[in-house]
Amino acid sequence: MGQKKQRLLEAKRHQSPPDGTRTASPKEPRLEPPTTLGPQRSIYFSSLKGRPARLGSEFFDQPAVPLARAFLGQVLVRRLDDGTELRGRIVETEAYLGPEDEAAHSRGGRQTPRNRGMFMKPGTLYVYLIYGMYFCMNVSSQGDGACVLLRALEPLGGLEAMRQLRHTLRKGVAGRALKDLELCNGPSKLCQALAIDKSFDQRDLATDEAVWLEQGPLGPSEPAVVAAARVGVGRAGEWALKPLRFYVQGSPWVSVVGRAAERDTQARAKASRDEDF
């Protein structure tokens, strides 16, 4: 009987914890069961103990417009080779709707080696070079050829490292110290500050070890979101005017403020409040 009891105790030590979770390895995110309705415990998020939840594949699996809005407030994290982690809250995005969108690189449904990431599963990075020297980072969404461009971040952590990277990667610019507001207030600046280059193209934002998205802190109320025209797509005809750029109203880290769009947003908000009375 003594040996049987010993075997039972040994078996219990090797069983999973009573809540059904398993202990994650140091490099493996821990997937927690949905114990509440809040996103921090959703099966769509994974997290290491004591750290914010990492957004999983299901977060990215939505059409470009709602995904562009959902990105606002989330935290983009970049881990450098030396272990330094850079963090920034997303405050501005642009949606590109795929083959029908005359401003998209996938317009007409064309696929090339350059834009292949736009046609891969939601959450795939599409990183491309502009002007032969700068990079822009997009994330694929639902729909072939659809994606979201990350335009601006509010720097949260690793600002000195961001400053050094911007100083090193800026071309033909004098060595003036950059202000915090200048670190990530544009798609190419964002990539410079986070050391994002073409090597990140076609990586999976849901699983990559060097760059990922974390659930942003939940505030008492949702910030006002402005829908404005996209930037730099003037040759796209009527698509240049469509309100497919989204940003957090009042954020000083936004790259371009749309005054007319903000007035429209305020007017709609006022009309909605009036209807409630």
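Strand 7 (residues 134-140) is mostly covered, with five of its seven residues buried, where buried means under 20% relative accessible area, exposed means over 50% and partly exposed lies in between (1.4 Å probe, protein chains only). Helices (H or I, at least four residues) and strands (E, at least two) are DSSP runs numbered from the N terminus, and the protein has six helices and 11 strands. This is a predicted model, in which local features need pLDDT of at least 70 and side-chain atom pairs count only at pLDDT 80 or more, while totals for chains, interfaces and linings use all residues. Residues are numbered from 1 along each chain as its sequence is written, and side-chain values use heavy atoms, with hydrogens and water left out.

**Strand 7 and its partners**

- Strand 6 (residues 125-130) pairs with strand 7 in the antiparallel sense over six bridges, given that two strands pair if DSSP finds at least two bridges between them.
- On its other pairing, strand 7 runs antiparallel to strand 8 (residues 147-157), with three bridges.
- Asn 138 of strand 7 is the bridge partner of Tyr 126, and the bridge partner of Asn 138 in strand 8 is Leu 149.
- The hairpin of strand 6 and strand 7 has three residues between the strands, and Tyr 131 takes a positive phi near 55° there.
- In the hairpin of strand 7 and strand 8, six residues lie between the strands, and Gly 143 has a positive phi near 95°.

**Aromatic rings and charges**

- Rings of Phe, Tyr and Trp (its six-membered ring) pair if their centres lie within 6.5 Å, with planes under 30 degrees apart counted as stacked, over 60 as edge-to-face and the rest as tilted; by this rule the count comes to four aromatic pairs.
- One of these pairs is that of Phe 59 and Phe 60, which is edge-to-face at 5.2 Å centre to centre and 90° between the planes.
- The rings of Tyr 126 and Tyr 128 have centres 5.2 Å apart and planes at 35°, so this pair is tilted, and both Tyr 126 and Tyr 128 are buried.
- Phe 59 counts as buried because its relative accessibility is 11%, and Phe 60 counts as buried because its relative accessibility is 0%.
- Phe 59, Phe 60 and Phe 71 are linked into a cluster by ring pairs.
- A charge sits over a ring if NZ of Lys or CZ of Arg is within 6 Å of the ring centre and within 35 degrees of the ring normal; the charged end of Arg 230 sits over the ring of Tyr 96, 4.5 Å from its centre.
- Lys 242 lies over the face of Trp 239, at 4.9 Å from the ring centre.

- In helix 3 (residues 64-71), the buried residues are Ala 64, Leu 67, Ala 68 and Phe 71.
- These residues lie on the same side of helix 3, because they cover an arc of only 105° around the axis, the arc being that of the directions from the helix axis to the C-beta atoms.
- The buried residues of helix 3 pack against helix 2 (57-60), strand 5 (85-96), strand 7, strand 8, strand 9 (211-214) and strand 11 (245-248), contact meaning heavy atoms within 4.5 Å.
- Gln 62 is found in the loop between helix 2 and helix 3, and its side chain reaches the backbone oxygen of Phe 59 at 2.7 Å.
- Not counting residues up to four places away in sequence, Gln 62 touches Leu 67, Ala 70, Ser 141 and Gln 142.

**Two further loop residues**

- Arg 203 lies in the loop between helix 5 (187-193) and strand 9, and Arg 203 is partly exposed, with a relative accessible area of 25%.
- The C-alpha atoms of Arg 203 and Thr 124 are separated by 5.6 Å, although the two residues are 79 residues apart along the chain.
- The side chain of Arg 203 makes a polar contact with the side chain of Asp 208 at 3.2 Å; a polar contact is a pair of N or O atoms within 3.5 Å, where within protein one must be able to donate a hydrogen and the other to accept it, and residues adjacent in sequence count only if both atoms are side-chain atoms.
- Ser 106, in the loop between strand 5 and strand 6, is buried, with a relative accessible area of 0%.
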